[in-house]
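Please walk me through this structure, one site at a time. Keep it brisk.

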Amino acid sequence: MAEVKVPELAESITEGTIAEWLKQVGDSVEKGEALLELETDKVNVEVVSEEAGTIQELLAEAGDTVEVGQAIAIVGEGAAKPAEASKDKPAAKEETTAQQQPAKDTTTSNERVNATPSARRAAREKGIDLTEVSAKAGDIVRKEDVERGTQPAAKPAETKADKPAVPAAPQNPSKPVIREKMNRRKQTAARKLLEVSNNTAMLTTFNEVDMTNVMELRKRKKDKFMEDHNGTKLGFMSFFTKAAVAALKKYPEVNAEIDGEYMVTKQFYDIGVAVSTPGGLLVPNVRDCDKKNFAEIEAEIANLAAKARDNKLSLDDMINGSFTITNGGIFGSMMSTPIINGNQAAILGMHSIMTRPIAIDKDTIENRPMMYLALSYDHRIIDGKEAVGFLKTIKELIENPEDLLLES
């Protein structure tokens with residue numbers, strides 16, 4: 001027999017929620033084979049078995065919160081042990097009826113049904129055949145499905161003479177609501193964002209950038225870029241990432257964080273890029289952006305975005321970033337105040353490109369593709385002068401992409 005325990009995940013992660021069991025009691029498993037998917041604060045990870053054998057028992061079910069080091073399953077040799085009869089099961093009220101109708105053997109049929117451990121336990125205790133229980137959500141039978149399927153039949157309605165009618169609980173069908181528990185990632189994001197708001201002196205400064213030159217450069221070079229770099233597309237994120245690296249080198253306070261009484265200034269440039277997924281916003285990191293060219297940055301962003309959408313990000317993809325860029329413009333945002341990510345000192349917000357009339361000089365007005373930029377920063381370690389200077393550097397490099405190429 002061997003216990004399957006929740007493995008060490010990352011320094012800041014001490015627990016997770018079981019998203020889905022990939023194996024059930026009685027299933028065979030190979031060493032290194034995934035048993036379940038665990039949802040953590042940052043990513044989903046698969047927990048594997050360290051031993052080959054048969055799943056003897058599941059000690060937790062989908063939706064349970066489990067801690068690092070906690071035993072969650074037992075793997076052993078041979079077939080799974082049959083469940084013991086519940087000690088708490090009440091005796092039949094009519095002895096002769098129980099003797100005339102022997103209990104139905106549901107062990108074999110139950111093993112073929114996809115059900116949670118608690119559902120199987122409830123079915124064993126009540127002598128229910130799980131094949132006769134319909135799942136309310138998805139194709140997994142849960143405990144509430146078993147309970148619902150075993151409720152006693154309704155008694156014949158009492159006449160008014162027997163008992164006066166009792167009005168139903170007041171409801172307002174014109175104001176329907178849906179109450180559902182947030183997934184772990186949304187709960188964690190809500191808690192972390194509130195912590196950042198409460199524990200930092202966060203301010204936001206704004207500027208606008210003329211995208212004309214970058215757009216023209218991209219239009220001229222995008223086909224050749226894809227041809228030379230195996231189909232990698234030339235987007236705007238690589239320009240802003242390289243501009244951010246140059247600005248971070250010029251204003252190192254923006255690449256710092258507070259650790260107690262110390263300010264830790266990072267000498268590396270791992271830029272987090274916010275990615276929207278059905279499960280919430282994730283921020284994987286593009287490592288060593290100062291050492292990567294435009295094509296390498298674009299390829300890595302595309303790779304991380306695909307992994308995020310497919311729930312394939314690793315913890316290493318998510319931790320220890322130094323600065324973050326988020327692009328609300330892809331959803332149509334014209335201006336926003338992004339919230340700092342984790343314990344970083346600042347975050348750059350990009351927005352929609354809008355054609356607006358711009359005064360070129362005192363006599364000339366032209367329609368130009370403009371983007372508002374926002375830099376939210378922790379005023380405890382970044383002064384307004386540095387924040388404004390940082391954002392102005394981004395603006396100047398984007399408006400003069402030749403300079404950006406020289407800087408990188």
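Start at Thr324, which lies in strand E16, spanning residues 323-327. The model is a predicted one. Thr324 has a relative accessible area of 1%. The cut-off for buried is under 20%, so Thr324 counts as buried.

What does the side chain of Thr324 make polar contacts with? One partner is the side chain of Asn341, at 3.3 Å. Another is the side chain of Gln344, at 2.8 Å.

Next, go to helix H10, residues 384-399, where Lys395 is found. The side chain of Lys395 makes a polar contact of 2.9 Å with the side chain of Glu399. Setting aside neighbours within four places in sequence, Lys395 is in contact with Asn207, Glu208 and Val209.

Now turn to the aromatic rings. A search of the whole structure gives two aromatic pairs. One of them joins Phe239 and Phe294, with ring centres 5.1 Å apart and planes at 70°. Planes over 60 degrees apart count as edge-to-face, so this pair is edge-to-face. The pair links distant parts of the chain, 55 residues apart. Phe239 sits in helix H7 (residues 237-250), and Phe294 in helix H8 (residues 294-309). Both Phe239 and Phe294 are buried.

Rings also meet charges here. The charged end of Arg218 sits over the ring of Phe236, 4.9 Å from the ring centre. Lys249 lies over the face of Tyr269, with 5.7 Å to the ring centre.

Note on methods: Residues are numbered from 1 along each chain as its sequence is written. This is a predicted model: local features need pLDDT of at least 70, side-chain atom pairs count only at pLDDT 80 or more; totals for chains, interfaces and linings use all residues. Side-chain values use heavy atoms; hydrogens and water are left out. Helices (H or I, at least four residues) and strands (E, at least two) are DSSP runs, numbered from the N terminus. Buried means under 20% relative accessible area, exposed over 50%, partly exposed in between (1.4 Å probe, protein chains only). A polar contact is a pair of N or O atoms within 3.5 Å; within protein, one must be able to donate a hydrogen and the other to accept it, and residues adjacent in sequence count only if both atoms are side-chain atoms. Contact means heavy atoms within 4.5 Å. Rings of Phe, Tyr and Trp (its six-membered ring) pair if their centres lie within 6.5 Å; planes under 30 degrees apart count as stacked, over 60 as edge-to-face and the rest as tilted. A charge sits over a ring if NZ of Lys or CZ of Arg is within 6 Å of the ring centre and within 35 degrees of the ring normal.
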